[in-house]
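I opened my notebook today to look for pockets. Here is what I looked up, step by step.

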Amino acid sequence: MILAIRTDNPTAELHLFDEDQKLDSELWQAHRALAETIHIKLKDLLIRNGKSFSDIKSIVVYEGPGSFTGLRIGVAVANALAESLGVGIVGATGDNWLEKADNDLETKNNVVTPVYGSTPHITKQKR
């Protein structure tokens, strides 16, 4: 089973695939609650489909460009899951990111790095 994650927009996406067949998807308005909701939504998606984390054999994540915080959270969750489950991970970008990732699943990576599209604007701490 393949888990796909996209978190670059206020609407976050989780998708489950069995080979080339989409089993289910979870889309929700995560916006500023992404870090608090992504694990809950993932667990709900797995339970709804009678699956567990051990059923995940590959992870696909949208690597950007997009929201700095959204990408950082989504890619961190995807990398942590891939490492803890001992499965490969593939990053993809563009409108047809799922199709691109499907073609790259044979060349799985150990880690994906977000592509922000520009240099992040990080402000200095005020105190």
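**Entry 1: a reminder to myself.** I am working with a predicted model.

**Entry 2: the largest pocket.** I began with its volume and noted about 230 Å³ of space. Next I looked up the lining, which is made up of 14 residues. His31, Arg32, Ser67, Thr69 and Gly70 are the ones closest to the centre of this pocket.

**Entry 3: who builds that lining?** Which elements give two or more residues to the lining of the largest pocket? I found α1 (34–48) and α2 (68–85). Of the elements, α2 gives the most, with three residues.

Entry 4: I then sorted the lining of the largest pocket by class. Six residues are nonpolar, six are polar and two are charged.

**Entry 5: the second largest pocket.** Here I wrote down a volume of about 180 Å³. Eleven residues line this pocket, and Phe17, Glu19, Leu98, Glu99 and Asp102 are the closest to its centre.

**Entry 6: its elements.** β1 (2–6) and α3 (97–104) each supply at least two residues of the lining of the second largest pocket. Which of the elements has the largest share of this lining? My answer is α3, with four residues.

Methods
Residues numbered from 1 in each chain as written. Predicted model: local features only at pLDDT ≥ 70, side-chain atom pairs only at ≥ 80, totals over all residues. Heavy atoms only, no water. 1 Å grid on protein atoms, 1.4 Å probe; cavity = no way out; pocket = protein on both sides within 12 Å on 5 of 7 lines; lining within 4 Å. Points joined across faces, edges and corners; volume = space filled by probe spheres on them. Nonpolar A, V, L, I, M, F, W, Y, C, P; charged D, E, K, R; others polar.
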